[in-house]
Amino acid sequence: MSPEPADSTSDERIVECGDAKIYARQYGQGNPALLLHGWTLDHRSFSPQVEAFASSVRVVTIDRRGCGRSTGEPDLGAEVGDLDVVIDTLCGHPTHLLGVSQGGRLALRYAALRPGKVRSLVLQGAALDGYDAGEDPDEAVPLAKYAQWAADGEMERLRADWMGHPLMSAGVDAELHNTLQSIVADYTGSDLLVPSPTATPDDTGARLATQPLPVLLVTGEYEIAERKPQAEHLLELLPHARQVIVEGAGHLVNLSHPTRFNNLVTGFWKEIDC
């Protein structure tokens, strides 16, 4: 595993969420900010953020259920309930929510269902429930193939293929590739083997369109073709959204361009919290 963020003030916690035990780390003081990682990753994918963010907010990172050090059957639908418990236990509310990729989808879903618990949204490479932006066949994630490889125990093959996908490789240099590889090495593929029993909601966008929630969309210049229209749609849909395009970045802006990303996010939060 890659090193944890170097911060002697961090506090480790295990939060009981029904069938899941959610691993969490806390840093700093101030208004709470909960960071939600993307698919195949865990809390370590926010290592470049915690020190910078902790200077102005109380940062909470978690391993989502079935990821990293957390237990529980993978189920994106169950994670709204997980966030309820984590926010009530560790954050208090309203809480700033920051979501990357699949974590952004979860953040959008949570904000739609629990508007009173969310202070703001920061979204990077997120997709909105119920919105089809179209997909480039060359950039589609081959989930069926990955599920078969996971079922056959070919996890090394799966991880290697995934590391070459544009979502994981665009704008990523050799050093960052190695860091990502060390995190993905702990991905078990268990979510591919357990179909989610919870239906995807189709009213997330409609709920959010009526909320006065501050939203920052951070989009890499080389984001994949399906996610760029997602960001544009969110920009049009959400009444208090703004978007920043980060030059030279792909999907993983927070990791490839951490200084730019950190400055954008902390500036956004300071505007809201002042």
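User: Hi! Which residues does Thr200 touch, leaving out those up to four places away in sequence?
Analyst: Thr200 touches Arg109 and Asp129, with residues up to four places away in sequence not counted. Contact here means heavy atoms within 4.5 Å. This is a predicted model, where local features need pLDDT of at least 70, side-chain atom pairs count only at pLDDT 80 or more, and totals for chains, interfaces and linings use all residues. Residues are numbered from 1 along each chain as its sequence is written, and side-chain values use heavy atoms, with hydrogens and water left out.

User: How far apart are Thr200 and Asp129 in sequence and in space?
Analyst: They are 71 residues apart in sequence and 6.7 Å apart in space, C-alpha to C-alpha.

User: Is Thr200 buried or exposed?
Analyst: Thr200 counts as exposed because its relative accessibility is 52%. The cut-offs are under 20% relative accessible area for buried, over 50% for exposed, and partly exposed in between (1.4 Å probe, protein chains only). Thr200 lies in the loop between helix H8 (190-193) and helix H9 (204-208). Helices are DSSP runs of H or I with at least four residues, strands are runs of E with at least two, and both are numbered from the N terminus.

User: New topic: what's in the largest nonpolar core?
Analyst: That core has 44 residues, and Phe53, Leu98, Leu180 and Trp269 have the most contacts inside it. Helix H12 (residues 258-273) gives the largest share, 5 residues. A nonpolar core is a set of buried Ala, Val, Leu, Ile, Met, Phe, Trp, Tyr and Cys residues joined through side-chain atoms within 4.5 Å.

User: Which residues does Trp269 touch?
Analyst: Leaving out residues up to four places away in sequence, Trp269 touches Ala33, Leu35, Phe53, Val57, His96, Leu98, Ser120 and Val122.

User: What about Ala33, which residue in S5 is its bridge partner?
Analyst: Its partner is His96. Strand S3 (residues 32-36) and strand S5 (residues 95-100) run parallel and are joined by 4 bridges. Two strands pair if DSSP finds at least two bridges between them.

User: What's the strand order in the whole sheet?
Analyst: The open sheet has 8 strands in the order S1-S2-S4-S3-S5-S6-S7-S8, with mixed pairing. Strands S1 (11-17) and S8 (241-246) stand at the edges with a single partner strand each, so one side of each has no neighbour in the sheet.
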